[in-house]
Amino acid sequence: MPRTMFEKIWDAHVVRDQPGEVPMLYIDRHLTHEATSPQAFAGLRTRGLPVHRPETVVAVIDHNVPTVPGRSLIDVVDDQSAMCIRTMEDNARDFGVALLDMNDADQGIVHVVGPELGLSLPGMTVVCGDSHTSTHGALGIFAVGIGTSEVEHVLATQCLLQSKPKTMNIRIDGTPAPGVSAKDLALAMIGRLGTDVGTHHVIEFSGSAVGSLTIEGRMTLCNMAIEAGARAGMVAPDDVTIEYVRGRRFAPADDLFELAAEQWKSLATDPGARFDAEYRLDVEDLAPQVTWGTTPGMVTDVTGTVPDPDEESDPVARAGIEQALEYMGLEPGQRLQDVKVDTVFIGSCTNSRVEDLRTAAGYVAGRRVAPDVRAIVVPGSMGVRRQAEEEGLADIFRQAGFEWREPGCSMCIAMNGDHLVAGERCASTSNRNFEGRQGRGGRTHLVSPATAAATAVTGRFADVRGM
């Protein structure tokens, strides 16, 4: 029978699937970081177990690392963060796991360095103790975030107990206007379909708008699938995928690569395959998006206005809008382009790749950051940082008044010294705008790199289509 891409990958990795039992899935690549792994490794120590296949595990230090230039351990924000870093270093050494530590030439955010180095390859199953592991799905991978007990189980057995998700196809068609990016597509999708549309599903993104995206753009889309409630997001491998993977350090080479490429392209969903749910979106006339509330689904056009809760008939939804506006310090009917910002953050596993930085630099070249605005650029990896410096992007940002930082999760998670203070308003290229996500009382607006850059130089939310 015709199968979806997800079903092909699932079927190839099932170790055991018996009635009344949770299926067991083989895991090809296990990525781990210092914030969620300590208890898992401690569990192995207590039970006297080794890592079953250490050559498949790569550890990265990214969540707790400071991003200040010339950083060292003395810059780590607190004792707890320093302990997380030291513990990851000890665990990697003791269990024979490869580690990209703070001083490694390949260090960076785990969901940036995985594809960048060729550690994440089409057709794989990939796990990490991090919800945005779905980013890797852009390459045609079933990539899922797992909990601490599951991290321990995968370390010990190379397998994961996983209920089989349902399948969903979201087809996105149209040619977005210049300045409208994958981040805008993702936010519009969540705004239109809801933050729970993907619950219990794996979303396969397709359509002309998706096919025209670079791999970096597809990563942004799959990264944000989690904010639609999905278990994972995926895009079928095509020629764009093949050329992205070609030459990556840990990818196959020469004749083996060509054989692998043919196999990867065969993963595409078969004609006639059925999904459990299907949606279609047209983005031909889509405007850049800005969130106004405290979930990614509370979003509208940059040219739009803050909603009026009195116009909402559902009492639960109305209460949610009222609470969000109170927290965000916004008024019903307020124009977003009139809203001033205090901080602009360009970074995170959603939008910190070199393509994102090129886009943002294009809107700040020859301009200056607006007075009273703090603007920060945090590259997603040391590789991205080096390339951006070689291309002159770092100089463009510095000359415009941005801070040029070292790689790490930074202000996305606010557990490393980079954070907002109460009442501070931020235009952020990260993936979550929950209350307190970027610091207690901080007000986060999710935007694309282009909108973030334009906002930095204007001091308020700007429509890049007019720049």
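Four helices, H6 (182-193), H8 (215-224), H12 (354-364) and H15 (449-458), each put at least two residues into the lining of the largest pocket; helices here are DSSP runs (H or I, at least four residues), numbered from the N terminus. The model is a predicted one, with local features needing pLDDT of at least 70 and side-chain atom pairs pLDDT 80 or more, while totals for chains, interfaces and linings use all residues. Residue numbers start from 1 along each chain as its sequence is written, and side-chain values use heavy atoms, leaving out hydrogens and water.

H12 gives the largest share of that lining, four residues. The pocket's volume is about 340 Å³. Of its 21 lining residues, Val180, Ser181, Ala182, Leu213 and Glu355 come closest to the centre. On a 1 Å grid over the protein atoms alone, a pocket is an open set of points where a 1.4 Å probe fits, with protein on both sides within 12 Å along at least five of seven lines, and lining residues have an atom within 4 Å of a point. By class, the lining splits into nine nonpolar, nine polar and three charged residues.

Turning to the rings, there are seven aromatic pairs (Phe, Tyr or Trp ring centres within 6.5 Å, the six-membered ring being used for Trp). Phe397 and Phe402 pair edge-to-face (planes over 60 degrees apart), at 5.3 Å centre to centre and 70 degrees between the planes. Elsewhere, ring pairs tie Phe6, Trp10 and Phe142 into a cluster.

Technical notes: Points joined across faces, edges and corners; volume = space filled by probe spheres on them. Nonpolar A, V, L, I, M, F, W, Y, C, P; charged D, E, K, R; others polar. Phe/Tyr/Trp six-rings, centres within 6.5 Å; stacked < 30°, edge-to-face > 60°.
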